[in-house]
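Dear colleague,

I am handing over the structure below, with my notes following it. Please read them with the model open beside you.

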Amino acid sequence: MKSLEMYQETLLAHNEQPHHFYALPHPSHQAQGKNPLCGDEITVYMQIENDILRIISFTGQGCAICKASASLMTARLEGKTIVQAKEEAERILAWLTDAFFPCPKDLGELEALQGVRNFPMRLKCATLAWHTFQKACDTPVSSVCACQKNSSHSCGCSKHVHPNGSGSSHSGKGCCRS
Amino acid sequence: MGKVFDVQAARNDFPALTQRDAKGQPIVYLDNAATTQKPQKVLDALMDFYTRYNANVHRGYYEWGQRATEAYENTRKRLANLIGAADPQEIIFTRGATEACNALAEIIGQRYFQPDDEIILSELEHHANQIPWQMQQTKRGVRVKGWHVKEDGELDLSQLDSLLTAKTKLLTVTHVSNVIGTVPPLREIIRRAHANGTLVVIDAAQALAHLPINVQTLDCDFLVGSGHKMYGPMGSGFFYGKRALLETLPPYHGGGTMMETVTIDSFTPAAIPARFEAGTPPVADIIGLGAAIDYLQQFSWKSLMAHEDQVIAYAEKTLSQFPRVHVVGHPPQRTAVLSFVIDGIHPHDVASLVSDHHIALRAGYHCCQPLMHRLQYPGGVVRASFGLYNTCEEVDRLAQALEKVFTVFPL
């Protein structure tokens, strides 16, 4: 099995010109995901209105597989109800990581990720965006600080309390998205 | 000593390198900074121990026990000889360089660190030689100060004097950077640190297979090494410490061997080196490390270094010919490691795609996140790291493979 098989035309195209690759200005949900050993790092931004994923975008940096997977994901999930989007993410993650999971018939462009399934070392590149989407679903922006230090960090902003408890003072000004 | 280095003959000493791919090509193994291949002599030593005298050390009064102990202690003598230690008792075996760094941080910390003391950590350090010292911050209230590298990845000696203060208890620096291949001016660093009353720990994990080391000439207080990066087995490592210092340090782990007398509520620690070697050590792996040292020492450093220098210089020249390739750092003396980035291609994609051509590279942070951030490589770098068996022909194969990678990701 050649690594080259991972790098199909669709995947390379999404890496070259990723869809939805920008920081959404006022997201309702946002999360950052990292693969600490390799440095892949992406942030997923979402606007959820009436339980519908109206807008999803991402920023960050990573390998071609990581970036293409994020791009394919945003194209796939945008417009779905949040319940549908979560189910879809679960299904695609199962397909990517479980060799015995039946191949979904409606893969469409996601088929470009097929090759990665044979390279366990690269799976984490392909799954990062999807896991980050799942994390974002549970992270309404009222709990995200604009300083990007997310939930492990406390700030003194009056507008919200971080999930880890009320914060102490923080040097950033106007640091929270309300 | 003294045998002229014959790379083709040396390659035949490493069974893993004699394998061929479907096209009959051997693997181009360029991940030696992660771990080196093992020569047959090392494998034989492991097999010999397990099949002919597998017994625990320092305990058995039967023949196997004596042989095991003798072979284990012989590695201590060989290591002392390899690094120029005055006394084999100054060598403490560990299960690897990481364990050695953790042990040193803990025992030096216990004995010497006071709240508000400072530790200087160079930015070239591997996480294994950063985190154990950082952990001392919460344990003992010391403060870690980073010794930053310059834009070219070199340590700036002129910065050192302002970093060293009356509170600086310890400085630690690598002998060879596992990302850039840089060799810092250790003698001068150690001289200045000592003039300030500061202890010095050298991380030689990346150096031992590639250049001669003499701890007495260097005058370092402690030095850390890894067996598996010098053609020995995984699970073998060590640290060296000056006898007078080691004797002041408390034990690291408690258990068998490290004690002199034990009552139900107390113990007295054993003398060095046993004090720091609690429990059953990785006996076979340490014996294998002895065989690796024998293997290395059959060559003269001069001939070995001439060969490795030639290959790495050729690699730097060859890769630099590609306009898209940017080599990381330009140290005056580059030892065994050449990292690079390629315009428009992420390091992981490079490493994956060259693996199709049976070439083993590594991509990522290389356990050096602070250095990657300083040098502004957010996605990490690709690293080719060399061993004594690598050749210029292998560099050519790497270059050919890279040309194919360029076609997958045209600019």
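S28(A) is buried, at a relative accessible area of 19%, where buried means under 20%, exposed over 50% and partly exposed in between, with a 1.4 Å probe and protein chains only. The model is predicted, so local features need pLDDT of at least 70 and side-chain atom pairs count only at pLDDT 80 or more, while totals for chains, interfaces and linings use all residues. Residues are numbered from 1 along each chain as its sequence is written, chains are lettered from A and ligands numbered from 1 in the order written, and side-chain values use heavy atoms, leaving out hydrogens and water.

The side chain of S28(A) makes a polar contact with that of H29(A) at 2.8 Å and reaches the backbone nitrogen of I48(A) at 2.8 Å; a polar contact is a pair of N or O atoms within 3.5 Å, and within protein one must be able to donate a hydrogen and the other to accept it, with residues adjacent in sequence counting only if both atoms are side-chain atoms.

Between the chains, 18 residues of chain A are in contact with 14 residues of chain B, contact meaning heavy atoms within 4.5 Å. Across this interface the rule finds 12 residue pairs in polar contact, both at pLDDT 80 or more, and 1 salt bridge (a side-chain nitrogen of Lys or Arg within 4 Å of a carboxyl oxygen of Asp or Glu). The side chains of R122(A) and D349(B) meet in a salt bridge, at 3.0 Å from N to O.

V262(B), finally, is exposed, with a relative accessible area of 54%.

Best wishes
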